[in-house]
Every structure is written in structure tokens, then in C-alpha cells.
Amino acid sequence: MTVGDPGGGSVIEFRSVRKQYDDGTVAVQELSLTVPAGTITVLVGPSGCGKTTLLRMVNRMIEPSSGAVLLDGGDVRDSEPARLRRGIGYVIQQAGLFPHRTVRDNVATVPRLFGHGRRDARRRAEGLLERVGLPPEVSKRYPAQLSGGQQQRVGVARALAADPPVLLMDEPFSAVDPVVREGLQDELLRLQGELGKTVLFVTHDIDEAVKLGENVAVLRQGGYLAQYAPPEQLLAEPADDFVTSFVGRDRGYRRLSFVDSTGLGAGSVDTVRIGDTSADVPSQAGWVLVLDTHDRPRGWLPPEATVHGQLTEDQLIAGGSLHTGGAPLRGALDAALSSPSGLGVVVDEDGVYLGVITARQVLEVLESGRHPAMAEGASR
Ligand SMILES: Nc1ncnc2c1ncn2[C@@H]1O[C@H](COP(=O)(O)OP(=O)(O)OP(=O)(O)O)[C@@H](O)[C@H]1O
């Protein structure tokens, strides 16, 4: 076993699986779904629609009543559960940590199971904790001494400790507040970029689903698969009324996250630099953008503002969000709408000023049909 090295992923295939519990509840109707290797696939749907049941069929915590789950083509029933689970990381809502073991020992448990010595296992655990973005000082604390978000990170580190090709995540970020949750989501995407696991992720939150999933399976009450598609397609072409209402009224706006802004031309605006004197500041009919010495935007001077002596930061009006050229159109629209001048500032990857755009320009790009996916959606 190699701990923490890039491991790649396995294909998971649900083949006509159905689950009826002993009391007669049918949690999953006959359902077929292939989860591609090395991607994040999200199971989303309202409470009780069978998401957890489906997820737990992969590591045999639940056995299907009929049908089969295959990992890289092999039926999971052919693997003894304990052995199977060593290749499948599992992260749950409350992290499920051992309360009487330190954070480091919680993670080190897994390498120990694989026969590593205590020291080696701890060293590996510390590497993993760093990888999930935890500072070294938390490693000797107990789980109760950590915030909810930190506990979830430990849960992820522990699930990754065996370098499993598959990671099952059941509402892992639901118990933390929205800001921490966003951070955890970003961290998972970054981590996945490095590790390329096959991640099957359960949530009831459609925003989380479209943010994380390369593919999203929408389930509805009674354990039916309503739609299985990449998020942009889900938002553009919801399969039925249930999916339409589940993805929400603002799906048109959310789809802007999936349309890139290539082709959105940037205009220009007068600029000055911090440290310039009144003589350098253009006669002001309109807003002037202020840059630092590296040409990075710092803020705005309003029309008719007078500059006495050298221009300093405290004379500026704070800018809105910045749009990185080529990034999704949603960011361009947000930059324009959040800017005090109404002009969204476009920058390059290094944050250097490129030009400005207006909300109207963003809408014109959408309406001009230069983005076929959006034009198609508009006609629906
Ligand atoms: N052991 C069980 N015995 C009987 N019914 C069960 C059992 N476990 C789950 N169910 C039922 O099966 C259905 C699907 O449950 P499941 O936990 O898979 O849904 P879920 O989509 O994950 O829900 P949630 O988002 O609320 O966790 C529900 O109606 C649930 O009540």
C-alpha cells in the first residue's frame, strides 16, 4: 500500500439494483448507473429517496435485493466485506472519529491496520492531515477539541489513509455552516484534482451537487432515478417537472457558471496608479480605476473626485469582485453588478488589469447566441 500517493479510481456500476427493506419499503427501484473512474459523481435528491441506500450498496453495508454492484467489472459480492472496504474510503456527516484517540491516531489507525509500525503510521497520518489543509498543531488534539469543519477534514484524511481507489461520501459537509462548507467543497475539488479518485457523493443540496459533480444523478421519492447528466445539462435540460422544480427557479442564472466568457470583449476605462499626483489624474468625467505598481486593481475614484497631493488607498472606493478573463460568465456578471462604477474589472491569471465589462455586454453575449447551449436553453 502507498499512503497518500495519487491512486486513480475504479469504475462503479449499479446494474439493475433494487432494494426492498424487510418492512416492505422499496428504497431503490430497479436502477442502473455507471460512475466513471476518477470523477466525482453526486447522488442528489430529497430526504428518503434512497441515496444512502444506494451508496452503501457499494461497500456492502447494504445488500441489494436484486441486481448487482460492480467495481471495475467485478461483483462486490465476490469480495469479503472487510477486504472490500479497505479499498473504499467512507466519510459520513459527523466524521465518525474515535473520541478517545488523538486526531493523528484516528488517521494512523488505517496504516496500522495495514501492518505499518506506529511511528511510520503516525508520520503518514501527519502527511495526510497536511494534505487536507489542517495545521500541524491539531494532530495531537482530540476530536472534541476541533471545529466541525476540522473534524470533517480529519474524516477525509482518514478515508484517504488507505489510498483507496473509491471514496464514498454521505452528506459529509451537511453539519457545518455555509462558509466552512464552501471551504470544504473547494478543498475536496483541489484534493480530487491531485488524487483522481472515484468519488460517489451524497447530498440533498442541489448547489453542492452542481458545484462538485462532474455527473449528477437526481433521485426522487420512491428510489427512482429521475435524471443522470453533467450539471450543465441538468440545468439546461431538466428531464421532467420534478427535476425542474428540484434544480430551482434560478437555474438560468446558475447555468452561467458553466458558460465560459471567451469572446466577451473587454472595453477600457481611465486608469491611474497609487502614488500618482493630482497632475497625473485625468480630468474626471467618469469613474477612474486605480491600479497598484504591478497593474493590479485597487479600487475606484468616483467622477469629480479631487486628488490632493499623492493618491493613497484611503481616497479610493473599494472595487467589486474581479473577473478572470475566460472564466465562467457568472463571474463576469457578478463583477459588473458588484462594481461601484457598474464596470466589472477583468484581470488575467496574475490579477493584472485587462479591461472592463458591463452587465449589458454579458447579457448581449448570451442573447447573441454565441453560446449555443444558452441559446438553446432560452428557447425552451
Ligand atoms: N433499515 C431500513 N428499514 C426500513 N426502511 C428503511 C431502512 N433504511 C432506510 N429505509 C427507508 O428507505 C428509504 C430510503 O432511505 P435512504 O436512507 O436511502 O434515503 P436518503 O435519500 O439517503 O435519505 P436522507 O437524505 O434523509 O438521508 C426511506 O424511506 C427510508 O425510510
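## Burial and overall layout

Buried residues make up 38% of the 380 residues in the chain. A residue is buried if 20 or more other C-beta atoms lie within 10 Å of its own, exposed if 12 or fewer, and partly exposed in between, with C-beta atoms placed from the backbone. This is a predicted model: local features need pLDDT of at least 70, side-chain atom pairs count only at pLDDT 80 or more, and totals for chains, interfaces and linings use all residues. Residues are numbered from 1 along each chain as its sequence is written.

The C-alpha atoms fill a box of roughly 80 × 55 × 30 Å along the principal axes. The secondary structure comes to 13 helices and 16 strands. These are DSSP runs, numbered from the N terminus: helices are H or I with at least four residues, strands are E with at least two. Of the contacts in the chain with a separation of 6 or more, 62% join residues 24 or more positions apart. Two residues are in contact if their C-beta atoms, placed from the backbone, lie within 7 Å.

## Domains

The chain is divided into domain 1 (12-247) and domain 2 (271-367). Those bounds come from an automatic or database domain assignment. Taken over C-alpha atoms, the domain centres are separated by 42 Å.

Which residues come nearest the ligand? Of the 13 residues around the ligand, they are Tyr21, Ala27, Ser47, Thr52 and Thr53. A residue counts as near a molecule if its C-beta atom, placed from the backbone, lies within 6 Å of it. By class, the shell has three nonpolar, eight polar and two charged residues. Here Ala, Val, Leu, Ile, Met, Phe, Trp, Tyr, Cys and Pro count as nonpolar, Asp, Glu, Lys and Arg as charged, and the others, Gly among them, as polar.

Helix α1 (residues 51-58) gives the largest share of the shell, three residues. α1 is mostly covered, with six of its eight residues buried. They are Lys51, Thr53, Leu54, Leu55, Met57 and Val58.

## The α3/α4 crossing

Two packed helices are described by the angle between their axes and the distance between the axes. The axes of α3 (residues 103-113) and α4 (residues 118-131) come within 8 Å and cross at roughly 120°. Axes are lines fitted to C-alpha atoms, for helices over the stretch in contact, and angles run from 0 to 180 degrees between N-to-C directions. On the α3 side, the contact is made by Val103, Arg104, Val107, Ala108, Pro111 and Arg112. Residues on the α4 side include Arg118, Asp120, Leu128 and Leu129. The contact has eight nonpolar, no polar and seven charged residues.

Buried in α3 are Val103, Arg104, Asn106, Val107, Ala108, Val110 and Pro111. Their cover includes α4 and α5 (148-160). Just after α3, Gly115 takes a positive phi of about 95°.

Most residues other than glycine have a negative phi. Arg60 has a positive phi of about 65° although it is not a glycine. Arg60 lies in the loop between α1 and β4 (66-71). Arg60 is partly exposed, with 18 other C-beta atoms within 10 Å.

Asp295 also has a positive phi, about 65°, and is not a glycine. Asp295 sits in the loop between β12 (288-291) and β13 (297-301). Asp295 is partly exposed, with 15 other C-beta atoms within 10 Å.
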